[in-house]
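Here is a short report on one structure. Please look over the sequence and the model first.

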Number of protein chains: 2
Amino acid sequence: MSTTVNVPESSNVAKGKAVAVAKPGGWKKGLAIMDFILRLGGIAASLGAAATMGTSDQTLPFFTQFFQFEASYDSFTTFQFFVITMSLVAGYLVLSLPFSVVAIIRPHAAGPRLFLIILDTVFLTLATASGASAAAIVYLAHNGNQDSNWLAICNQFGDFCSQTSGAVVASFVAVIILVLLVIMSALLLKRH
Amino acid sequence: MSTTVNVPESSNVAKGKAVAVAKPGGWKKGLAIMDFILRLGGIAASLGAAATMGTSDQTLPFFTQFFQFEASYDSFTTFQFFVITMSLVAGYLVLSLPFSVVAIIRPHAAGPRLFLIILDTVFLTLATASGASAAAIVYLAHNGNQDSNWLAICNQFGDFCSQTSGAVVASFVAVIILVLLVIMSALLLKRH
């Protein structure tokens, strides 16, 4: 049976230290380092997703007198949202690195870990929302929809479609990494 | 300074009980009960979203010789995905109620809480993905997209549009509830 006991620091330092040494916290250290590495992967994935989507732009080589056919991420509100959110997620992950380092150095401090799990959850929701909505538009661009008479545009805008699809895949990688980060933080929070 | 000390149950029951009584764990009990109530709200929101989307069906009163204009959730793959995922989320939340009750009765047991936070995170991702992708389609149905020549269909299918929009709003309520559940579980996991 494990019970939490408040040990006053001044009176009982020796006992507290003995307990800390006796505890086998190796897997915690490993998980904390894994957390840091996964964050680096998440930065790469979300930055890659934002950059790939942000540079998607295709102009068709033929045009009429009044109109030139062009598709870029600007054409779709969802894709603009995608670029903004993925940049935000990348920025958050960069800013979270120092907290991850603090959590490696002091594996028994619950504060940084709690801070990370709450913000990770919020940015997981943000990343999932932008990735999934962009996926819905990419699906429409590939397949169209008969009942609403929306035609597939990927026959004309092939490069644009493959680039946006790649960005969606990268965002899903970032989502999976964020899910892993939340689960690992939960494991690390358990029983300090 | 708070340190975890392993107290053998047989030798030191009196001390363990004294510590448990002395600890003010009232807010933990309150959060655990709040968790249960939020789960009930989440069931209502996700069931409502699935039912609203699943019953969306509108047939226009005019038709040509070969074709009758009809829109239902079947028309869009994204909306089918929405109905399936929202039902799954509602089912998971119902099944999670017993674990939430166990966590109320035994607020110091980390097992059920860890189980809940991991599955909550997974289903949060699922709910966010389906809600956001449906929102992207609903936005297109309302506004259309000029560059890809997709026309807004809400002028014709007004009832269908308002019903699907309502379902999306309900799914966002479910997402917010799941985010709160994850954050509350993290707070409850901290320092047992």
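## Largest cavity

This is a predicted model. The largest cavity is lined by A:Lys28, A:Ala32, A:Ala103, A:Arg106, A:Pro107, A:Ala109, A:Arg113 and A:Leu188. Sorted by class, that lining holds 5 nonpolar and 3 charged residues, with no polar ones. The space inside the largest cavity is about 50 Å³. A search of the whole structure turns up 3 cavities of 30 Å³ or more.

## Fold

Chain A contains 5 helices and 3 strands. Along the sequence they run β-α-α-β-β-α-α-α.

How far apart in sequence are the residues that touch? Take the contacts in chain A between residues at least 6 apart in sequence: 79% of them join residues at least 24 apart.

## Annotated spans

The UniProt record, an unreviewed entry, carries the annotation "transmembrane region" for chain A. This annotation covers residues 36-56, 76-102, 114-141 and 167-189.

Residues 36-56 of chain A are 90% helix and 0% strand, and their end C-alpha atoms lie 31 Å apart. Residues 114-141 of chain A are 100% helix and 0% strand, with end C-alpha atoms 41 Å apart.

## Burial and surface

Chain A has 192 residues, and 49% of them are buried. Its accessible surface comes to about 9,200 Å². Carbon and sulfur atoms account for 68% of that surface.

Key. Residues are numbered from 1 along each chain as its sequence is written. Chains are lettered from A and ligands numbered from 1 in the order in which they are written. This is a predicted model: local features need pLDDT of at least 70, side-chain atom pairs count only at pLDDT 80 or more; totals for chains, interfaces and linings use all residues. Side-chain values use heavy atoms; hydrogens and water are left out. On a 1 Å grid over the protein atoms alone, a cavity is a set of points where a 1.4 Å probe fits but cannot get out, and a pocket is an open set with protein on both sides within 12 Å along at least five of seven lines; lining residues have an atom within 4 Å of a point. Grid points are joined across faces, edges and corners, and a volume is the space filled by probe spheres set on the points. Ala, Val, Leu, Ile, Met, Phe, Trp, Tyr, Cys and Pro count as nonpolar, Asp, Glu, Lys and Arg as charged, and the others, Gly among them, as polar. Helices (H or I, at least four residues) and strands (E, at least two) are DSSP runs, numbered from the N terminus. Buried means under 20% relative accessible area, exposed over 50%, partly exposed in between (1.4 Å probe, protein chains only). Contact means heavy atoms within 4.5 Å. Accessible areas come from the Shrake-Rupley method with a 1.4 Å probe; for residues, only the protein chains shown count as cover. UniProt positions are given in the numbering used here, feature names are shortened, and annotations may be inferred rather than shown by experiment.
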